[in-house]
Amino acid sequence: MAKPYDSVFKDLLERDPAGWVKLALGTVSGTPALVDSDIAMTSGAADKVVRLEQPHQALVHFEAFAAWDATVLPRAMNYNAAHHRRHLLPVETVLVVLRPEADHASLTGEYRVQSPLGRRVHLLEDAVV
């Protein structure tokens, strides 16, 4: 089913992205430009996910890697959110470092993404084993 309000909003935003950024954030720096909003992934499969029933329902998402990849933390955050959306359960992410070469200083147990105004927007707290 078509979403008529969505298409009107999208058209208005396309006409004045800077105005919408200023409305939302109170300020605009540089020249805002639209980017492709399609977030379909080539591979949307996390390595493994285990469902827990007791004492509380939850999911444990395991993501294993044998070599360092700078996208592992953003991917883990994406998988965590996607499984939460799908199952409406809390998700614990566990990053499994399979070889010493895969270890990296970025694996601190916390991955933060800041908003343009410095407010924390997203936080993934993970276990690293």
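Of the 129 residues of the chain, 21% count as buried, where buried means under 20% relative accessible area, exposed means over 50% and partly exposed lies in between, with a 1.4 Å probe and protein chains only. This is a predicted model, in which local features need pLDDT of at least 70 and side-chain atom pairs count only at pLDDT 80 or more, while totals for chains, interfaces and linings use all residues. Residues are numbered from 1 along each chain as its sequence is written, and side-chain values use heavy atoms, with hydrogens and water left out.

## The chain as a whole

The accessible surface of the chain comes to about 9,600 Å², and carbon and sulfur atoms hold 57% of that surface. These areas come from the Shrake-Rupley method with a 1.4 Å probe.

There are 3 helices and 5 strands in the chain. Helices (H or I, at least four residues) and strands (E, at least two) are DSSP runs, numbered from the N terminus. Along the sequence, their pattern is α-α-β-β-α-β-β-β. The chain's radius of gyration is 19 Å, well over the 14 Å that the globule rule gives for 129 residues, so the chain is more spread out than a compact globule. The radius is taken over C-alpha atoms, and the rule is 2.2 Å times the number of residues to the power 0.38. Along the principal axes, the C-alpha atoms fill a box of roughly 50 × 35 × 30 Å.

Contact means heavy atoms within 4.5 Å. Among the contacts in the chain with a separation of 6 or more, 52% come from residues 24 or more positions apart.

The side chains include 13 positive and 16 negative ones, and the centres of the two sets lie 5 Å apart. Lys and Arg count as positive and Asp and Glu as negative, with His and the chain ends not counted. Each charge is placed at NZ of Lys, CZ of Arg, CG of Asp or CD of Glu.

## Aromatic pairs

A search of the whole structure finds 2 aromatic pairs. Rings of Phe, Tyr and Trp (its six-membered ring) pair if their centres lie within 6.5 Å; planes under 30 degrees apart count as stacked, over 60 as edge-to-face and the rest as tilted.

| Pair | Centre to centre | Angle between planes | Type |
|---|---|---|---|
| F9 and W20 | 5.2 Å | 85° | edge-to-face |
| F65 and W68 | 6.4 Å | 70° | edge-to-face |

F9 is partly exposed at a relative accessible area of 40%, and W20 is partly exposed at 29%. In the other pair, F65 is buried with a relative accessible area of 8%, whereas W68 is partly exposed at 25%.

## Two buried residues in strands

H61 is found in strand 2 (residues 58–65) and is buried, with 0% relative accessibility. Leaving aside neighbours within four places in sequence, the contacts of H61 include A46, K48, V49, A76, Y79, N80 and T93.

T93 belongs to strand 3 and is also buried, with a relative accessible area of 0%. With neighbours within four places in sequence left aside, T93 is in contact with H61, A76, N80, L124, D126 and A127. T93 and T71 are 22 residues apart along the chain, and their C-alpha atoms are separated by 15 Å.

## Backbone features in loops

Most residues other than glycine have a negative phi, and most peptide bonds are trans. The peptide bond from Q54 to P55 is cis, with omega near -5°. P55 is in the loop between strand 1 (48–52) and strand 2.

L88 has a positive phi, near 55°, and is a residue other than glycine. L88 lies in the loop between helix 3 (72–87) and strand 3 (91–97), and L88 is exposed at 66% relative accessibility.

## V21 in helix 2

V21 is placed in helix 2 and is partly exposed, with a relative accessible area of 28%. Neighbours within four places in sequence aside, V21 is in contact with G26, T27, V28 and P32. V21 and V129 are 108 residues apart in sequence, and the distance between them, C-alpha to C-alpha, is 40 Å.
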